[in-house]
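This briefing describes the fold, the sheet, the domains and the ligand surroundings of the chain shown below. Please read it beside the sequence and the structure.

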Amino acid sequence: MMPELVTPQESDGEVRLAALAVLAQQARDLVDAVTLTDVPEDELTAVTAELVALTERLGAVRREGPLRHEFGPDGRFRHLGNAVVGDCNPHALPLVVGRTAEGGVRADLAFRPSHVGPPGSVHGGVSAMILDHLLGEAVAAAGKAAMTGTLSLKYRRPVPYGVPLLGAAAVSRSEGRKTWAEGAISLPDGTALVEATGLFITPAQWVGIGTDGRETAEARAADGGDPVEGGRSGPR
Ligand SMILES: CCCCC/C=C\C/C=C\C/C=C\C/C=C\CCCC(=O)SCCNC(=O)CCNC(=O)[C@H](O)C(C)(C)COP(=O)(O)OP(=O)(O)OC[C@H]1O[C@@H](n2cnc3c(N)ncnc32)[C@H](O)[C@@H]1OP(=O)(O)O
């Protein structure tokens, strides 16, 4: 089942979400600092004690789960808690995905030292996560709401962290509930570092749900043409 969609008014105000995004960015900076710190051991212990206190302060009031998919004040579908693109998720890069004139998607990106796997390069699973998301975004850009069924990676060259890279993806084929997409993480000069192909499947329960999480016009017409409430239309 798809989780219920909420409007920001029902969960958080925009000012609070903006503050949460600033906190998440600070947490990313903290992770970088932890990854690279070379301060003396007593300083490590002192900072750890301060972080224990800060963690307790943040945990004093907890929500039931991470931020959900929702409609922003501009009416656009968003997921601020997403592990790849969520501004309010410290785990996210966050990736900023844009559409290309050809109907695909692209994103400038730079991995951080905390993403390291093999010596001096990014962990393959991290690259896979980014490509999974980019291919999924390409599928969404093609009008399909779908989940990853299979993902295949070709690691051509080690992926460096701390340097500008480009991610891109596009749909290659679609057939019923199945959509195939391909993409790559490349150097700015176009040299492919990791290539991906994936099969995305629209779950049977999502048929009739658009990429904005709302019922599609076709599904509404089939239902008898009832208009969808503005700003909120939870999948059934
Ligand atoms: C809250 C609202 C959310 C709304 C979201 C709406 C839109 C999204 C819009 C924008 C989002 C923007 C970007 C998205 C960005 C990133 C995407 C990230 C993607 C992920 O990170 S996502 C997490 C990993 N992903 C999973 O967690 C999937 C777990 N899994 C399942 O949820 C089911 O397993 C599912 C749905 C895959 C299939 O379930 P199902 O019941 O619908 O399908 P069914 O069995 O009927 O099969 C139908 C035909 O697909 C074949 N088939 C089935 N499964 C296959 C597989 N895995 N590989 C190859 N073929 C497969 C069958 O063989 C049959 O083929 P045939 O018709 O030829 O016989």
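Which residue in the turn of the hairpin formed by β6 and β7 has a positive phi? It is G176, with a phi of about 60°, and 2 residues lie between the two strands. The model is a predicted one, in which local features need pLDDT of at least 70 and side-chain atom pairs count only at pLDDT 80 or more, whereas totals for chains, interfaces and linings use all residues. Residues are numbered from 1 along each chain as its sequence is written.

**Overall architecture**

- The chain contains 5 helices and 8 strands; helices (H or I, at least four residues) and strands (E, at least two) are DSSP runs numbered from the N terminus.
- Read from the N terminus, the elements follow the order α-α-α-β-β-β-β-α-β-β-β-β-α.
- The C-alpha trace extends over about 70 × 45 × 25 Å along its principal axes.
- The peptide bond between L93 and P94 is cis, with omega of about -10°, and P94 belongs to the loop between β2 (77-78) and β3.

**The sheet**

- An open sheet is built from 6 strands in the order β3-β4-β6-β7-β8-β5, with antiparallel pairing; two strands pair if DSSP finds at least two bridges between them.
- β3 (98-99) and β5 (147-155) are the edge strands, and each has a single partner strand, so one side of each is left without a neighbour in the sheet.
- Strand β4 (residues 105-109) pairs with strand β6 (residues 165-175) in the antiparallel sense through 5 bridges, and L109 has L165 of β6 as its bridge partner.
- β6 and β7 run antiparallel and are joined by 9 bridges; G167 is placed opposite I185 in β7.
- β7 and β8 also run antiparallel, with 9 bridges between them.
- A hairpin is formed by β7 and β8 with 5 residues between them, and G190 in its turn has a positive phi of about 100°.
- The antiparallel strands β5 and β8 share 8 bridges; here K154 is partnered by E195 in β8.

**The helix across the sheet**

- Helix α4 (residues 124-141) lies across β3, β4, β5, β6, β7 (178-186) and β8 (192-201).
- The helix runs at about 130° to β7; axes are lines fitted to C-alpha atoms, for helices over the stretch in contact, and angles run from 0 to 180 degrees between N-to-C directions.

**Domains and their contact**

- The chain divides into domain 1 (1-92) and domain 2 (95-202), with bounds that come from an automatic or database domain assignment.
- The C-alpha centres of the two domains are 24 Å apart.
- Domain 1 contributes 7 residues to the contact and domain 2 contributes 8 residues; two residues are in contact if their C-beta atoms, placed from the backbone, lie within 7 Å.
- On the domain 1 side of this contact there are 5 nonpolar, 1 polar and 1 charged residues.
- In this classification Ala, Val, Leu, Ile, Met, Phe, Trp, Tyr, Cys and Pro count as nonpolar, Asp, Glu, Lys and Arg as charged, and the others, Gly among them, as polar.

**Surroundings of the ligand**

- There are 23 residues around the ligand, and G136, A140, A145, G149 and P203 come nearest; a residue is near a molecule if its C-beta atom, placed from the backbone, lies within 6 Å of it.
- α4, β5 and β8 are the elements that give two or more residues to this shell, and α4 gives the most, with 5 residues.
- By class, the shell has 11 nonpolar, 8 polar and 4 charged residues.
- Domain 1 and domain 2 each supply at least three residues to the shell.

**Database annotation**

- An unreviewed UniProt entry places the feature "domain: Thioesterase" at residues 120-177; such positions are given in the numbering used here, feature names are shortened, and annotations may be inferred rather than shown by experiment.
- In the model, this span of residues 120-177 is 31% helix and 34% strand, and its end C-alpha atoms lie 40 Å apart.
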